Amino acid sequence: MKRFWTGEPLLSLSNGRQQAAWMKEESPAIYPGECQFTHHGPPVSIEFTFDDGPNPIYTPLLLQILARYHIHATFFTIGRQVQSYPSLVRREHQQGDVVGNHSWNHPDLTRLTPQAIHTQLQATSVVIQRTTGASPLFFRPPYGSTNAQVRRVASQLGLQQILWTIDTRDWQRPGVKQIVHTVLTQATNGCIILMHDGGGNRSQTVQALPLIITGLLQRGFTFTVVYIGRLPHQRGKEEPHAKMETSSNPKTRVRMDIPMGSLAVPMPRGARCKSPSGSTCM
């Protein structure tokens, strides 16, 4: 599979435990097209993420589809869009979806000064907090363009970086069938799907989503979001944990706790993770 990333080595776990989608401030980036963790046996989980919204036309349609299937997703929102359409972001939050930070107006953060990066991320976090009552815990850099400086500033603002592992390239409008094909041929345990609810005409994304969901359900997938929690019974200072929780459907709900300190274990460049069937993620 062709790679579109020119970043650093992906993350994995040396002990085979599941890895959450976020990374510590000093951690390297994840290659799009690679899954984050190895898992042996059910459940098989995958995550939907949507960038560049909210959009008054397409975001409500996507939320309606997700609600119909009792699935939660992560929406990486643009600050100025949140300011323009706050009711949509409140709806995302009230529906149980994760609202993340995708900068104020979608610049390449690696081309900005530290102060400008700080302004982009802080302003977006503030408007999300004022809109939903909850500060975002995660951010996705526009274009997936990141470096140590971007991650350091984000960490100072309490934000953990999330990239992706399956790029649908829906923003290119390749056709509904191609978007569905991209996901269903690459999907395996632990992958993060990149789609868009804003930034242009997303009618193909809306049409593709229910087809992707039904295809994944037929393959036995459950659907997760990632958030930060704490374990209640630890000695001394509590260690933050990443938790992956499936959709609200009680028939498929699963929760997995992973200590933060277990997550930043680099895998050699070019390595592959394995699905429960033994096939690779690519």
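Visitor: Which helices and strands do the buried residues of H3 pack against?

Guide: Before the answer, a word on what is shown: this is a predicted model, in which local features need pLDDT of at least 70 and side-chain atom pairs count only at pLDDT 80 or more, while totals for chains, interfaces and linings use all residues. Residues are numbered from 1 along each chain as its sequence is written, and side-chain values use heavy atoms, with hydrogens and water left out.

The buried residues of H3 pack against helix H1 (58-68), strand E4 (74-77), helix H2 (79-84), strand E5 (98-101) and helix H4 (114-132). The names come from DSSP runs, numbered from the N terminus, with at least four residues of H or I for a helix and at least two of E for a strand. Helix H3 itself covers residues 86-94, and its buried residues are Leu88, Val89 and Glu92. Seen down the axis of H3, these buried residues fall within an arc of 100°, so they line one face of the helix; the arc is that of the directions from the helix axis to the C-beta atoms. Buried means under 20% relative accessible area, exposed means over 50%, and partly exposed is in between, with a 1.4 Å probe and protein chains only. Just after H3, Gly96 takes a positive phi of about 95°.

Let us turn to the strands. In a regular strand the side chains alternate between the two faces of the sheet. In E4, Thr74 and Phe76 point one way while Phe75 and Thr77 point the other way, and all are buried. In E5, Val98 and Gly100 point one way and Val99 and Asn101 the other way, and again all are buried. E4 and E5 pair in the parallel sense over four bridges, where pairing requires that DSSP finds at least two bridges between two strands. Within this pair, Thr77 stands opposite Asn101 in E5. On E4 there is also a pairing with strand E3 (residues 44-53), again in the parallel sense and over four bridges, and here Phe50 stands opposite Phe75 in E4.

Leaving aside its neighbours within four places in sequence, Thr77 is in contact (heavy atoms within 4.5 Å) with several residues, including Glu92, Asn101, Gly53 and Pro54. Glu92 is one of the buried residues of H3, which brings us back to the helix where we began.

Gly53 and Pro54 are joined by a cis peptide bond, with omega about 0°, and Pro54 has its place in the loop between E3 and H1. Asp52, found in strand E3, has a positive phi of about 80° although it is not a glycine, and Asp52 is buried, with a relative accessible area of 12%.

Among contacts between residues at least 6 apart in sequence, 69% join residues at least 24 apart.
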